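Let's take a walk through this structure together. Have a look at the chains first, and then we'll go through a few of their parts.

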Amino acid sequence: MKVKIKKELPYLGFILPAFIVYTVLTVIPLVQTLGLSFTDWDGYAIRNLHFIGLENYKSVFADRGMKSALINTCVYSLIFPALTTLFAIPLALALNSRMKTKNLQRAVFFFPSVPSAIILGYLWAYILAPTRNGLLNKALMLFGLKPIMWLAVPKWAFFSVLLVNLWGQIGWHACIYLAQLQSIPAEYYEAAIVDGATPWQKFRYVTFPMLASAMTTSVMLLLLNSMKLYDLPFALTSGGPGTATTMVSQMIIKAGFVEKSYGKATAMSAVFFIFIAVVSVVQLKLMKKREVD
Amino acid sequence: MVISQEPDADDKINNGESTYAEKYTEPFKLWYDDMVATGLYSQMALGLNSDQVIDMFANEEVAMIHGGPWTVSTIEQKNPDLAYDLFAIADKDGNCVYPGALNVGMSISTSTEHEEACRTFLEFMQRDENILKWQKVSNNAIIVEGVDYEMGTVFEKVKEDAISGNFYLPQIAWKNSSGIYKEVLTGIQDAITGADTIENIPVRMDEKQAELSQ
């Protein structure tokens with residue numbers, strides 16, 4: 001045992017700085033937040049705290065806005081990863097083909113993931129402006145269609161957030177699949193050709209199963225991105241109209257920094273942390289079963 | 001509309017003698033019937049940010065906007081020839097109050113290590129010539145005795161109302177103002193989209209007040 005620890009010491013030494021930073025910036029605040037969620041903390045000094053039990057948690061589940069935000073977040077977290085995966089895989093296949101311009105196209109499709117979501121939100125607010133001067137509405141009117149109040153009608157505002165995030169993320173996730181595609185041994189396809197497989201059969205029985213590990217990673221990242229989404233809906237719609245695009249993270253920030261209900265905000269954070277942890281664990285467990293060893 | 005009829009309405013709400021539902025239901029309904037139900041206030045406005053709104057006003061695509069002295073320079077930069085004016089909010093009896101509030105004040109922290117420098121700065125800002133410079137920069141009305149100035153914009157006619165105190169902004173008088181005001185904005189948007197009724201907004205304000213006062 002002593003010999004083993006002595007052997008591991010240099011490696012532990014290398015990870016120590018990262019471990020310290022992680023503990024100080026993540027673990028300690030997390031534990032502190034969980035503890036503060038049972039108190040009447042005013043957001044300033046941690047003294048004169050009083051234990052109030054589950055009062056903060058009761059107010060979380062009684063909050064009308066929180067219920068609406070939770071529904072929005074759950075619906076978004078179901079639709080967005082599915083849509084992104086649906087588009088990213090064909091895009092990856094196209095970018096993996098023998099096009100002469102494939103390198104340029106890879107750069108073009110990857111580019112939208114570079115600017116921050118805040119910038120994308122402000123930019124798309126002009127493209128999706130619900131007036132006749134909005135770029136997208138001008139394009140619709142060119143084809144003889146009626147303009148749509150993209151950001152002013154709840155369902156279209158929700159769709160707009162999906163659309164902009166999809167536009168921003170699809171290239172990045174196509175790159176994840178592209179990397180996996182390039183690691184699939186060519187012999188598998190050669191064997192499939194020998195067996196007379198059609199292009200669809202090659203995709204169904206060779207490509208798709210081999211993409212399982214990339215899909216696990218991609219879907220996990222998409223789920224986390226969806227559940228903690230804040231910057232894009234804030235920049236694009238400020239969570240509106242009404243609460244149509246308000247997500248849980250915005251409710252937490254609103255509770256803490258706008259309403260100064262820090263106890264409630266910490267309780268919301270704790271509930272949300274558990275929710276995300278459960279979803280992530282379930283997703284990883286289910287999707288890892290598909291991975292080819 | 002509330003304050004011109006009953007100047008201490010918000011005080012009564014804040015100290016529990018009254019509620020938002022009692023004082024604000026009728027004004028909200030009046031506003032909704034006059035502005036939203038008639039189509040004057042389009043649902044389209046919910047999808048615009050403040051920059052887009054000012055742009056549309058400067059380009060004569062919209063007839064009325066909420067604004068203040070801070071919008072003047074932007075409008076005049078975009079369309080110097082635009083002919084426009086402003087008016088106060090009137091109640092059903094024609095009494096007008098301008099929506100507005102005093103700007104932020106300056107004070108010196110008791111724990112500062114630079115008290116003398118802060119005092120020197122405040123004395124500098126108090127000089128008449130510097131008050132005038134500050135007025136030019138901010139475009140706001142100044143309420144300082146003995147200082148004569150011209151606003152030189154559509155807000156020139158607001159000067160007398162500013163000096164006489166004929167302005168009010170309810171959301172800064174409300175207890176738990178940030179949270180209540182956010183609820184008002186969300187509620188108005190819900191009322192316009194049909195997700196809620198205008199009569200329910202003061203009820204939501206009372207619920208939020210009760211929650212934030214715990």
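Helices (H or I, at least four residues) and strands (E, at least two) are DSSP runs, numbered from the N terminus. Keep in mind that this is a predicted model, where local features need pLDDT of at least 70, side-chain atom pairs count only at pLDDT 80 or more, and totals for chains, interfaces and linings use all residues. Residues are numbered from 1 along each chain as its sequence is written, while chains are lettered from A and ligands numbered from 1 in the order in which they are written.

Start in chain A, with helix H3 (residues 64-95) and helix H10 (residues 212-227). Their axes are 9 Å apart and the helices pack at an angle of about 145° (axes are lines fitted to C-alpha atoms over the stretch in contact, and angles run from 0 to 180 degrees between N-to-C directions). Residues in contact have C-beta atoms, placed from the backbone, within 7 Å. On H3(A) the contact includes Tyr76(A) and Phe80(A), and on H10(A) it includes Leu222(A) and Met227(A).

Now hop over to chain B, where three strands form an open sheet in the order S1-S2-S3, with mixed pairing (two strands pair if DSSP finds at least two bridges between them). S1 (89-90) and S3 (167-168) of chain B are at the edges with a single partner strand each, so one side of each has no neighbour in the sheet. S1(B) runs antiparallel to S2 (residues 96-99) of chain B, and two bridges join them. In this pairing, Ile89(B) sits opposite Val97(B) of S2(B).

Finally, where chains A and B touch, chain A gives 19 residues to the contact and chain B gives 17 residues.

Definitions and conventions
Two residues are in contact if their C-beta atoms, placed from the backbone, lie within 7 Å.
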